[in-house]
Amino acid sequence: MICSVRTLGLSGVSGCGVTCECFIARGLPGFEIVGLPDAAVKESRERVRAAAKSSGFNFPASRVTVNLAPASIKKTGTLYDLPILVGVLMAAGLVPQTDDTEAFLGELSLEGKVRPVSGILPMALAAKELGIQTIYVPVENAAEATLARGPRVIPVESVKQLVAHLFGQAPISPEPEWSPDGTVSGLPDFSDVKGQENVKRAMEIAAAGGHNILLVGPPGSGKSMLSKRLPSILPDMTWQESLEVSKVYSVMGLLTRKEPLVQRRPFRSPHHTISSAGLSGGGSNPKPGEISMAHKGVLFLDELPEFRKDTLDIMRQPLEDGTVTISRASGAVTYPAEFMLVCAMNPCKCGWHGDPSGRCTCSDVAVEHYQSRVSGPLLDRIDIIVDVPSVKFEDLQNRAPAESSSEVRQRVNAARIIQRQRFGETGTLSNARMSPAQTQKHCVLDDACSKLMKGAFDAMGLTARSYDRILRVARTIADLDNSPEIMPHHLAEAIQYRTAKLG
């Protein structure tokens, strides 16, 4: 007898439909799984057999063949355990048939319990698009599945409970839709930072427009401290942004039943020893890397020149496109990578080049060699370069309260609202993500600004990319001033952030 059970799979961070076809035939007992399964899927034979017997069912002593269609898509993970078991039991006539509006997902323990799996959110969203009305998922994943705001979610604890539900003996209540309760833990505040008003201003501009920023200064000047406080002034996430980020974290298995939705913009800070695959993503079964984990948030690279040069250069294409594509012999997957790059570095090996104290012991050649570890093309993709000088004694002794993150965040949110209204339904959410056509339309310069820009272009030897990035930063500064037009002082400040030196 042949029975089909609907389930779902993953392709990158997107879900896709999969059909589990089960065929029981006469012959020597056997259990085969086909349809391009990986090792974890093939091992489900033993988990399914043990779970069935532990739940009181006699596993068919016949030749069992399971096909996971379409066979052209590689099947990975343990999420096919439950649909395979349900399909086998249906083909054996041990449980009632289900229709094609129901789908099953979950890993099985040997005693018949249903364990959580990763990637439930993108699969639930795919189920909504495919017209599936009911999905059966592990209890731990149920809240996450309801975020799709589509199919009815049935939380399953064990095989026995599921079978009783299918027979109508003990129906399982659907999981209620999970909604945020508004409680988000606190973040380090900008009010902790003494002095550095020029750097705070630059970070406010970066947060308001989603611009990449590089902090350059001696040790102990507060570069890392300021960067770690950046999330406290980032704008609120929209529902769609939260879903996009949560899909990535779902695939990585980082969502919990208590917090199934990422409500705060990510802040990722990988160590400088990270590999290229760790940063961009990869592996035999490709997984998202740090740049995708930072989607819609911040990727902070401390001690920038200490990273391997080839690792840093991997980011050049994602910084432009907002996506990263991982190609393997089995196929290619594309992950989102629309992040804000925040970097910090010393101006030289000893860290004191250009400091008024004169403590630098590095030669000019050594300074140039150290700074050359960061490639020119990568620097060209950074919108704001700001000098972070040593903190003065008077600033440390000052007891007056500094401006809090909540005050800065109000201005950032106001600027982002202006940007969302400007771009409408185009999909662009920040000035840093403007297309060339949008830049030309929304960053019009008057005669005074054009004259100023021409002088900067000739004197600084700017590239076309640098020119566009200066215009976008100027547009953000104007938004913070609630100015419909870019004024000369807005443009002058934007140019200033391109003239900063690395030491």
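Q: Is Tyr467 buried, exposed or partly exposed?
A: Tyr467 counts as partly exposed, at 30% relative accessibility; buried means under 20% relative accessible area and exposed over 50%, with a 1.4 Å probe and protein chains only. Bear in mind that this is a predicted model, where local features need pLDDT of at least 70, side-chain atom pairs count only at pLDDT 80 or more, and totals for chains, interfaces and linings use all residues. Residues are numbered from 1 along each chain as its sequence is written, and side-chain values use heavy atoms, with hydrogens and water left out.

Q: Which ring does Tyr467 pair with, and how?
A: With Phe457: the ring centres are 6.2 Å apart and the planes at 80°, so the pair is edge-to-face (centres within 6.5 Å; planes under 30 degrees apart are stacked, over 60 edge-to-face, the rest tilted). Phe457 is in helix α19 (residues 447-460) and Tyr467 in helix α20 (residues 464-480), 10 residues apart. Helices here are DSSP runs of H or I with at least four residues, numbered from the N terminus.

Q: And how accessible is Phe457?
A: Phe457 is partly exposed too, with a relative accessible area of 32%.

Q: How many aromatic pairs are there in the whole structure?
A: A search finds 4.

Q: Switching topic, where does the charged end of Arg49 sit?
A: Over the ring of Phe59, 5.3 Å from its centre. That label needs NZ of Lys or CZ of Arg within 6 Å of the ring centre and within 35 degrees of the ring normal.

Q: What does Arg422 lie over?
A: The face of Phe423, at 5.8 Å from the ring centre.

Definitions and conventions. Phe/Tyr/Trp six-rings, centres within 6.5 Å; stacked < 30°, edge-to-face > 60°. Helix = DSSP H or I, 4+ residues; strand = E, 2+ residues; numbered from the N terminus.
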